[in-house]
Amino acid sequence: MALSNPSHPAVHRAKNSASNPVWMDALRILLGLFLFIKGVSFLSKTSDVYYLLSQQQSLGELSKAPLFFSIVHMVGGLMIAFGALTRLALLCQMPIVFGAALVVNPQQGFRTDNTELWLSILVLGLLLFFMIKGPGRHSIDNKVFRHQPDLS
């Protein structure tokens, strides 16, 4: 009858992201690496990104936007992959991916061959998923910031 005792540690075990399955950690790492690679590819396609953005706003306001997007994707992607300040990194990615999913990529139309649009929607869904579920057990957040119970 030890489990019916409310002071028993198994009864009061809080559900947190450290109890997420390992496949979620792998998915978070892949998402972070994808965003990092996307940031690097933005650097090589700066003129293309600048052109797409210039269709929406005045040119003077957008001269540094591609560089900003690249840095946010690269730094944020690595933070997500390692699980360091994960929710902050996810939050910083959301406006960029949201803009890509709703403003930039729909310009090519809502067709099945518009893979960038569907990829942006998928990445946005994963960002929201990890905002809710948390970084997982194999993350810096879990190792450094999670309170480890004293087992003595």
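In this predicted model, Arg 28 and Asp 25 both belong to helix H1, where they stand 3 residues apart, about one turn of the helix. Their side chains meet in a salt bridge, with a distance of 3.2 Å from N to O. The chain around this pair has 6 helices and 0 strands.

**Salt bridges**

- A search of the whole structure finds 2 salt bridges.
- Glu 116 counts as partly exposed because its relative accessibility is 35%, a value between the limits of 20% for buried and 50% for exposed.
- Side chains of opposite charge can pair when their charged atoms come close.

**Helix H1**

- Helix H1 covers residues 22-44, which makes 23 residues.
- From its first C-alpha to its last, H1 reaches 34 Å, close to the 33 Å expected at 1.5 Å a residue.

**Helix H5**

- Helix H5 spans residues 115-133 and has 19 residues.
- The distance between the first and last C-alpha of H5 is 26 Å, close to the 27 Å expected at 1.5 Å a residue.
- Buried positions in H5 are Leu 117, Ser 120, Val 123, Leu 124, Leu 126, Leu 127 and Phe 130.
- After H5 comes Gly 134, which has a positive phi near 95°.

**The largest nonpolar core**

- The largest nonpolar core has 13 residues, of which Leu 31, Leu 35, Ile 80, Leu 90, Val 123, Leu 127 and Phe 130 touch the most other members.
- At least two residues of this core come from each of H1, H4 and H5.
- H5 gives the most to this core, with 5 residues.
- Leaving aside residues up to four places away in sequence, Ile 80 touches Arg 28, Gly 32, Leu 35, Ala 89, Leu 90, Gln 93 and Leu 127.
- In soluble globular proteins, nonpolar side chains tend to be buried together.

- Leu 85 has a positive phi of about 50°, although it is not a glycine.
- Most residues other than glycine have a negative phi.
- Leu 85 sits in the loop between helix H3 (65-82) and helix H4 (86-104).
- With a relative accessible area of 44%, Leu 85 is partly exposed.

**The chain as a whole**

- From the N terminus on, the elements run α-α-α-α-α-α.
- The chain has 152 residues, and buried residues make up 35% of them.
- Among contacts in the chain with a separation of 6 or more, 70% are between residues 24 or more positions apart.
- The accessible surface of the chain comes to about 9,600 Å², and 71% of that surface belongs to carbon and sulfur atoms.

Terms used. Residues numbered from 1 in each chain as written. Predicted model: local features only at pLDDT ≥ 70, side-chain atom pairs only at ≥ 80, totals over all residues. Heavy atoms only, no water. Helix = DSSP H or I, 4+ residues; strand = E, 2+ residues; numbered from the N terminus. Expected span 1.5 Å × (residues − 1). Buried < 20%, exposed > 50% of the residue type's maximum accessible area, 1.4 Å probe, protein only. Salt bridge = Lys/Arg side-chain N within 4 Å of Asp/Glu carboxyl O. Core = buried A, V, L, I, M, F, W, Y, C linked by side-chain atoms within 4.5 Å. Contact = heavy atoms within 4.5 Å. Areas by Shrake-Rupley, 256 points an atom, 1.4 Å probe, with all protein chains shown as cover.
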